[in-house]
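Please look through the structure below before reading on.

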Amino acid sequence: MRSIPDSIRVLLQHGKPWLLLAVALSFSACAHQTVRRTSRSFSTVIIDAGHGGKDRGTQSSRLIAEKDAALDIALKVNARLQSAGVQTKLIRSGDYFVELDERVNMSNAVSNAIFVSVHLNECRPRRDMHGVETYYFSAESQELAQRILRKVGALPGESPHFMKTARFRVLRNNRNPAVLVECGYLSNRAEAERFASASYRSTVANAIAEAILEQRGG
């Protein structure tokens, strides 16, 4: 059980119930966002294809739209995991838009799960920028972020750019361990050409799925 914070003790001592209520509600909200400890015991993988519908994502490449590449990779990750006997849940299975809060709500509704969001990146001032990046918010998500970075970064033509924490809404409001993976840079011509290939997207999807299966213990 959580102990009462010092800020609430002070308000109790000085008799300010209206401030006490505000602090208590804030404290309750923080407690509600405690991340479940399912990073190694999960039974379901929630796969989130970034963007969709009216939101095309990065506009850097004429070869393929981010929303289309992300969806194809997500669907391939889904198929690979299902073939390995893992339960999955897709945030979107077609070209339509899902609000960020709805993505989080769909994840939080599943109690024994992890969440993986698939994106592609851009850096217009530096079109030589390349490589995979992974982002996480909770400590419970760090190991999975590292595994995905390592697996995708080891692919031919890829490289592990970095892993770091981020306050993206789908990460910080998620009650399940959550990772966002930027699979590569569509603003980089060579990477955009690779991601325009269905076979390469399959290779990346398999690497993400392998990282997830390793995280679960095989």
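The model is a predicted one. In soluble globular proteins, nonpolar side chains tend to be buried together. Here the largest nonpolar core has 40 residues. At least two residues of this core come from each of β1 (44–49), α3 (66–83), β3, β4 (132–136), α5 (142–153), β6, α7 (189–195) and α8 (198–216). The biggest share, nine residues, is supplied by α8. Ile-208 and Ile-212 have the most contacts inside the core. Beyond its neighbours within four places in sequence, Ile-208 is in contact with Ile-73, Val-77, Val-116, Ile-148, Val-152, Val-181 and Cys-183. Another core, of 14 residues, lies apart from this one and includes Val-104, Val-110, Tyr-135 and Leu-180.

Next comes the largest pocket, with a volume of about 220 Å³. Its lining consists of 16 residues, and those nearest the centre are His-51, Leu-100, His-119, Val-170 and Leu-180. Two or more lining residues come from each of α4 (100–108), β3, α6 (169–172) and β6 (178–185). Sorted by class, the lining holds six nonpolar, four polar and six charged residues.

Strand β3 spans residues 113–121 and contains Asn-121. Is Asn-121 buried or exposed? Its relative accessible area is 12%, which is under the 20% cut-off, so Asn-121 counts as buried. Leaving out neighbours within four places in sequence, Asn-121 is in contact with Thr-58, Glu-133, Glu-182, Gly-184, Tyr-185, Leu-186 and Ser-187. With one of these, Tyr-185, Asn-121 makes a polar contact between side chains, at 3.4 Å.

Methods. Residues numbered from 1 in each chain as written. Predicted model: local features only at pLDDT ≥ 70, side-chain atom pairs only at ≥ 80, totals over all residues. Heavy atoms only, no water. Helix = DSSP H or I, 4+ residues; strand = E, 2+ residues; numbered from the N terminus. Buried < 20%, exposed > 50% of the residue type's maximum accessible area, 1.4 Å probe, protein only. Polar contact = N/O pair within 3.5 Å; in protein donor to acceptor, adjacent residues only side chain to side chain. Contact = heavy atoms within 4.5 Å. 1 Å grid on protein atoms, 1.4 Å probe; cavity = no way out; pocket = protein on both sides within 12 Å on 5 of 7 lines; lining within 4 Å. Points joined across faces, edges and corners; volume = space filled by probe spheres on them. Nonpolar A, V, L, I, M, F, W, Y, C, P; charged D, E, K, R; others polar. Core = buried A, V, L, I, M, F, W, Y, C linked by side-chain atoms within 4.5 Å.
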